[in-house]
Amino acid sequence: MTEKIYEYKDKNNWFIGTWAGFNYFTCFGDDEVFEAVHKEFHHFLNQLQLTGLQMHVVSYQSRYQLWTFLVDMIKDKTGRSLSVIQQAGAVLVLEGDNVVAVQLPESGVSVTEFFGKKVGQVSDLGDTILIATKNEGKTREFRQFFNRLGYRVENLNDYPDLPDVEETGMTFEENARLKAETIARLTGKMVLADDSGLKVDKLGGMPGVWSARFSGPDATDDRNNAKLLHELAMVFELKDRSAQFHCTLVIAAPDKASLVVEADWPGYIGFERKGEHGFGYDPLFLVGETGKTSAELTVEEKNSQSHRARALEKLMEAFPVWQKEANKPS
């Protein structure tokens, strides 16, 4: 009977595994990774008192993804109720309410960092990231991303006493940095902030960072769309009405250099509003060469290709590397 083959692959990690009669580990072409992960692999299986798991590493970046892969194999084979979380840079494997395996960074973890908060129940454990928004819809989108990396997600609704951060920057990055770095300094937490908007080439990149208030202090979506149509009233060729939705994401942590990623979603400004979905400039934004406005897309279609989706894709690639650096002692 052919043994089941398990595989996990993303841009930075690629693991293949199966079950046989003894524990076995190999690594493709990187002696440094082999030495580091080989020891972790066998120590991990010893902690769980398991035999027969065999694994090959093609590429490796994330300890959390490695341990999650191993735990998923074990759960599938044995039915054990295991889960993986991160805590202050360490990776923990839980079985019910019990910690059954721990892997610490090479530099270790200080007691204060590891037990620096009162833990009332198992769900309190795990590193958190604070999203600098009160928008629950946006929070859900980010939660899907960070749950895959072992993080619990909070937003500003969990911190009602925090002051509002005024967005006084002249660029998307300046505004996102203001929010992320200010809130990280006030809370001591890792914080993600985004700033997004519409850039119209014929208007020199306007409305840009002023997208939400393009039509003035009492701006609404209807007024902003009406003003945009007015500004482009003498531009008759669609090719001359090119535009991009832009998103900048900034992750900040106290005393660490911030991570910045950004992405554009190209398209054109239509001549009339179309579609019932979305918000803001969606009814005017023609997506690429599709002829459809963003407001004519389903939520799933929009979320799979939008400027925020593209920025999150870049974040997925950059975050594990930044996280590794951010967890190093100062």
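**A pair of strands and what surrounds it**

Tutor: Let's start with the pairing itself: strand β11 (residues 242–252) and strand β12 (residues 259–269) run antiparallel, joined by 10 bridges. Keep in mind as we go that this is a predicted model. To find your way along the pair, look for Cys247, which stands opposite Ala263 in β12. β11 and β12 form a hairpin, and six residues lie between them. In that turn you'll find Asp255, with a positive phi of about 65°.

β12 has another neighbour too. Strand β13 (residues 285–287) runs antiparallel to β12, and three bridges join them. Here you can pick out Ile269, whose bridge partner in β13 is Phe285.

Next, look at a side chain on β12. Asp264 meets Lys199 in a salt bridge, at 3.6 Å from N to O. This pair links distant parts of the chain, since Lys199 sits in strand β10 (residues 190–200) and Asp264 in strand β12, 65 residues apart. Is Asp264 buried or exposed, or something in between? Asp264 has a relative accessible area of 31%, so it is partly exposed, because that label covers values between 20% and 50%.

Let's zoom out for a moment. The protein chain has 330 residues, and 45% of them count as buried. Its secondary structure comes to eight helices and 13 strands. Taken along the principal axes, the C-alpha atoms fill a box of roughly 75 × 50 × 35 Å.

Back to salt bridges, where the count comes to 15. One of them joins the side chains of Lys11 and Glu317, at 3.6 Å from N to O. Lys11 is in the loop between β1 (6–9) and β2 (14–19), while Glu317 is in helix α8 (residues 307–326), so this pair links parts of the chain 306 residues apart. Lys11 counts as exposed because its relative accessibility is 52%, whereas Glu317, at 41%, counts as partly exposed. Salt bridges with shared partners also bring in Glu313, so that Lys11, Glu313 and Glu317 make one network.

Arg63 is in helix α2 (residues 63–78) and Glu40 is in helix α1, 23 residues apart. Arg63 has 19% relative accessibility, so it counts as buried, and Glu40 is buried too, with a relative accessible area of 8%. Both labels follow because buried means under 20%.

While you're at helix α1, which spans residues 31–48, find Asp31 there. Asp31 is exposed because its relative accessible area is 64%. On the surface, Asp31 gathers with Asp30, Glu32, Glu35 and Glu106 in a patch of negative charge.

One last stop, back among the strands: Ile85 lies in strand β5 (residues 82–87). Ile85 has a relative accessible area of 15%, so it is buried. Compare its position with that of Val102: Ile85 and Val102 are 17 residues apart in sequence, and their C-alpha atoms are 9.9 Å apart in space.

So, when you go back to your strands, trace the hairpin of β11 and β12, step across from β12 to β13, and then find the salt bridge between Asp264 and Lys199.

Key
Residues numbered from 1 in each chain as written. Predicted model: local features only at pLDDT ≥ 70, side-chain atom pairs only at ≥ 80, totals over all residues. Heavy atoms only, no water. Patch = residues over 30% accessible without salt bridge, like charges linked within 9 Å, V, L, I, M, F, W, Y side chains within 5 Å. Areas by Shrake-Rupley, 256 points an atom, 1.4 Å probe, with all protein chains shown as cover. Salt bridge = Lys/Arg side-chain N within 4 Å of Asp/Glu carboxyl O. Lys, Arg positive; Asp, Glu negative; His and termini not counted. Charge placed at Lys NZ, Arg CZ, Asp CG, Glu CD. Helix = DSSP H or I, 4+ residues; strand = E, 2+ residues; numbered from the N terminus. Buried < 20%, exposed > 50% of the residue type's maximum accessible area, 1.4 Å probe, protein only. Pairing = 2+ DSSP bridges.
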